[in-house]
Amino acid sequence: MLTEKILLALKETKNNKAECPDNILVEMLRCLDGKATPVLIDVCKTIYTTGIWPTDFVQSIMLPLEKKPNATRCEDFRTITIISNAAKILLKVLQKRIEAKVDTVRFLSDDQFGFRKGTGTRDAISTLRVLTERSLEVDRDVYVSFIDYEKAFNRVDLKKLMRVLRRLGVDYRDRRLIENLYMGQAFAVRIEQED
C-alpha cells in the first residue's frame with residue numbers, strides 16, 4: 001500500500017520546479033527505470049519505518065523574496081524554502097494521510113478557507129461578495145472583520161502541533177516523521193544565486 005502511495009506521489013509531483021539542494025530534478029526521479037525506482041521506494045519506506053530522515057533530505061535552501069522594491073529590513077522579505085524532490089515525495093504521502101484523517105474526523109469547519117484543497121482566498125472573497133450583495137438587497141448592515149495572523153506559521157509550537165495530531169488520530173509514524181523533519185532541518189540562504 002505504501003508503495004502505491006509513493007508511486008502516486010511521484011507521478012503527481014509537478015515538473016519544472018526550482019532546483020533543489022541535491023540538484024536532482026523531479027523529472028529525473030520520474031525517468032528512473034529498472035532497479036532505480038524500487039531503490040527510491042525502499043529509501044522512502046525505510047525513512048517511513050525508522051522515522052529517520054537522511055541528511056540530504058532535510059537540507060533546505062531559503063530564498064528571500066522582496067515584498068516591496070529596495071527592501072532592506074527582514075520584514076520587507078518573505079521566504080520560500082526549497083527541499084529535496086525525493087523528500088517531497090514522502091511529504092506528499094504524509095500530507096495525503098493527514099488530510100484524509102482531518103476529513104474523516106471533520107476537524108475543519110466548512111467555512112475554513114485556504115490550506116485545504118478546493119478552498120482558497122478567491123472562494124472566501126466570492127462568498128463575502130454574495131453575502132454583502134444579498135444583505136444590501138434587503139437593506140441590512142454588513143460587518144466584516146479581518147484578522148491578519150502575521151507570522152503565525154513561523155511560530156507554531158511543535159509540541160502543541162504534535163498533541164493536536166495525536167488527538168486527530170494521526171499515526172505515530174507520521175507524527176514522528178514530521179517532528180524529526182522539523183528538528184533535523186538545516187538551511188542555507190541563497191542570495192543572488194549564491195548559497
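Predicted model: local features only at pLDDT ≥ 70, side-chain atom pairs only at ≥ 80, totals over all residues.
Within strand 3, Phe187 is the bridge partner of Ser60. Strand 1 is also joined to strand 2 by six bridges, in the antiparallel sense, and Glu66 stands opposite Phe77 of strand 2. The three strands form an open sheet of mixed pairing in the order 2-1-3. Strand 2 and strand 3 are the edge strands, each pairing on one side only. Neighbouring strands of the sheet are turned by 35° against each other on average, direction ignored, with axes fitted as lines to C-alpha atoms.

The second largest pocket has a volume of about 150 Å³, the volume being the space filled by probe spheres set on the grid points. A pocket is an open set of points on a 1 Å grid, where a 1.4 Å probe fits, with protein on both sides within 12 Å along at least five of seven lines; lining residues have an atom within 4 Å of a point. The lining consists of Met62, Pro64, Glu66, Phe77, Thr79, Val189, Ile191 and Glu192. By class, five lining residues are nonpolar, one is polar and two are charged.

Residues are numbered from 1 along each chain as its sequence is written. Local features require pLDDT of at least 70, whereas totals for linings use all residues.

Conventions:
Heavy atoms only, no water. Nonpolar A, V, L, I, M, F, W, Y, C, P; charged D, E, K, R; others polar. Pairing = 2+ DSSP bridges. Helix = DSSP H or I, 4+ residues; strand = E, 2+ residues; numbered from the N terminus. Axes fitted to C-alpha atoms, helices over the stretch in contact; angles between N-to-C directions.
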